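Subject: Handover of a structure and findings

Dear colleague,

Please find below the sequence and the coordinates that I am handing over to you. The findings follow directly after them.

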Amino acid sequence: MKRDLILLFLYVFHLFSLSDVHGGQLRPGDTTKTRRTKVLILGAGVAGLVAAKTLQENGINDFLILEAQDYIGGRFKQRSFAGVKLEEGANWIHYADDEQNPLWELKKKHNLRGIYTNYSDIIIRNEKGQDTTDRKVLKEFAEAEGKLMALQELKSKDQRPDMSVRAALSSVGWTPDTPAKSVIEYSVMDFEFAERPKMESLMGFESRSLDFFVADPRGYGSIFLKMANNFRDRILLNKIVKHVSYTRYGIRVTTVDGETFNADYGLCTFSTSVLASDSVMFSPKLPQWKMEAINKVPLAYYTKIFIKFPYKFWDSHEFILYAHRIRGHYPIWMDIEARDILPGSAILHVTVTGEMSLKVEGQSDSETLKEIMTELRNVYGSNIPNAQGIFYSRWSKNPFTRGSYSNAEVGTTKADFHNLAGKLGKLFFAGDSFDFDWWGFAQGAYFTGERKATEIVQCIKGNCEVFWPKGNVVQEVYINP
């Protein structure tokens, strides 16, 4: 009884201490500039832009979008390098054959240029440059992958506990005991999920889809930039959020430059890695059940390295797999001249993930180039030309992303995603990490932005559903609508 009274007191005290959010009034002596809006969207990535579009389509135009960076699009970003346009972030439209894929519909609408990726067009070379491509081994791994999917379906049907992809692969008889086997495994597992198999969830594993590699000078993100044309005047750039207060009556946000924004509803599209950091203060603190879910679906690390040469000297295969004795050591080389992706560019595309990604993003361009040139000379000889330039983004170092895309950890459940996406008072959440079916894909950001904006519309109309977390939730002060 005493404990319940204490919790009630804390809850009432919290409401009164933040009651200025509802009325949009400043506290006495507060001289910061304050703006008021019906809906405040935090982040102008895919989820934020789709949410704004959804609000407009439902007749709600009283909204603002705060974006910390100096551009819109989030992890869709383009860069000019060596005379061509390159995607710093997302490059593929995954599940291009899915009739419900909104990205594919936008691709067709705007006629984005690119090619379907041919993952079977590979050659494997070892550290001496020898061609060690073995179709029998490739077939062996494909069969192991098929068994992996069958095991996943069986465990899902019987509601058995999750396990790592590494454990599952071992159980179906696959052992990556040679550099060639290791890089074949990497090209399917790490290259897709940006994590080692021992960190990948079997329940979250999916076989490769039909993928479309975007190579359009307008940029992959242009399909979202066009979406924003109808509300660009409501997007405020360089607005770094430092504090978010939320109650059952509304939200209050303050930015680093001293502005305050009050709103009846808020939509937070920060990445899970940003939410897990201390870069933004939430008041009250995000509840334990929310933080547990956030930490189960962190952003993984995936680095795309582009190297310009005076001419092409590498194999004419879409993918060159480098069978180095150290797993993950510059393992994937992509010929982006292949099949006219970027003809005549003489640019080699190298990918690293996980710990190697963190290493590369933590060192200088010149150090990375020196390491890659050593491996290229081992494979193609000492007479290959010197590189003319190198470029890669450092998403792990970007304080507004802190990674590339989400990857659910082993043991993550549907209940975790339910809690991850759950609202706190009038504060909603969306992004590529917040969808149980599409985490880690741009579709996840799209669907959650659309879904949460629709929920906000329903709340505005007076039909606001109550959210309750699932699982063994520790009792705590919790704000519900």
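How many positive and how many negative side chains does the protein have, and how far apart do the centres of the two sets lie? The protein carries 60 positive and 58 negative side chains, and 4 Å separates the centres of the two sets. Please bear in mind throughout that this is a predicted model.

Overall form

The secondary structure consists of 15 helices and 21 strands. Taken along the principal axes, the box filled by the C-alpha atoms is roughly 75 × 50 × 40 Å. The radius of gyration is 24 Å, which agrees with the value near 23 Å that a compact globule of 481 residues would have. Of these 481 residues, 57% count as buried. The accessible surface comes to about 20,900 Å², and carbon and sulfur atoms account for 51% of that area. Among contacts with a separation of 6 or more, 74% are between residues 24 or more positions apart.

Nonpolar cores

The largest nonpolar core has 47 residues. Within this core, the residues that touch the most other members are L148, L169, F213, F319, I336 and I341. Helix α5, residues 135-157, supplies the largest share of the core, with seven residues.

Setting aside residues up to four places away in sequence, I341 touches R113, I115, F213, A215, M334, D335 and I336. Two of these partners, F213 and I336, are also listed with I341 among the residues that touch the most other core members.

Backbone features

Most residues other than glycine have a negative phi, and most peptide bonds are trans. Three places in this model depart from those patterns.

- The peptide bond between S283 and P284 is cis, with omega at about 0 degrees. P284 belongs to the loop between β13 (281-283) and α11 (288-296).
- A82, which is not a glycine, has a positive phi of about 55 degrees. A82 sits in the loop between β3 (78-81) and β4 (84-87), and A82 is partly exposed because its relative accessible area is 41%.
- A346, likewise not a glycine, has a positive phi of about 50 degrees. The loop that holds A346 runs between β17 (332-335) and β18 (347-353). With a relative accessible area of 3%, A346 falls under the 20% limit and is therefore buried.

Individual residues

Helix α5 contains K147. At 46% relative accessibility, K147 counts as partly exposed. The C-alpha atom of K147 is 9.1 Å from that of A168, and the two residues are 21 residues apart along the chain.

The loop between α5 and α6 (165-171) contains R160. R160 is partly exposed, with a relative accessible area of 40%. Apart from residues up to four places away in sequence, R160 touches L154 and K155. R160 and I60 are 100 residues apart in sequence, and their C-alpha atoms are 45 Å apart in space.

Leaving aside neighbours within four places in sequence, the contacts of N419 are W289, K290, A293, F467, P469 and K470. One of these, A293, is 126 residues from N419 in sequence, while the C-alpha atoms of N419 and A293 are 6.3 Å apart.

F441 is located in the loop between β21 (427-429) and α15 (442-460). Beyond residues up to four places away in sequence, F441 touches H94, Y95 and D432. F441 and E371 are 70 residues apart along the chain, with 31 Å between their C-alpha atoms.

Yours sincerely,
A colleague

Methods
Residues numbered from 1 in each chain as written. Predicted model: local features only at pLDDT ≥ 70, side-chain atom pairs only at ≥ 80, totals over all residues. Heavy atoms only, no water. Helix = DSSP H or I, 4+ residues; strand = E, 2+ residues; numbered from the N terminus. Rg over C-alpha atoms; globule rule 2.2 N^0.38 Å. Buried < 20%, exposed > 50% of the residue type's maximum accessible area, 1.4 Å probe, protein only. Contact = heavy atoms within 4.5 Å. Areas by Shrake-Rupley, 256 points an atom, 1.4 Å probe, with all protein chains shown as cover. Lys, Arg positive; Asp, Glu negative; His and termini not counted. Charge placed at Lys NZ, Arg CZ, Asp CG, Glu CD. Core = buried A, V, L, I, M, F, W, Y, C linked by side-chain atoms within 4.5 Å.
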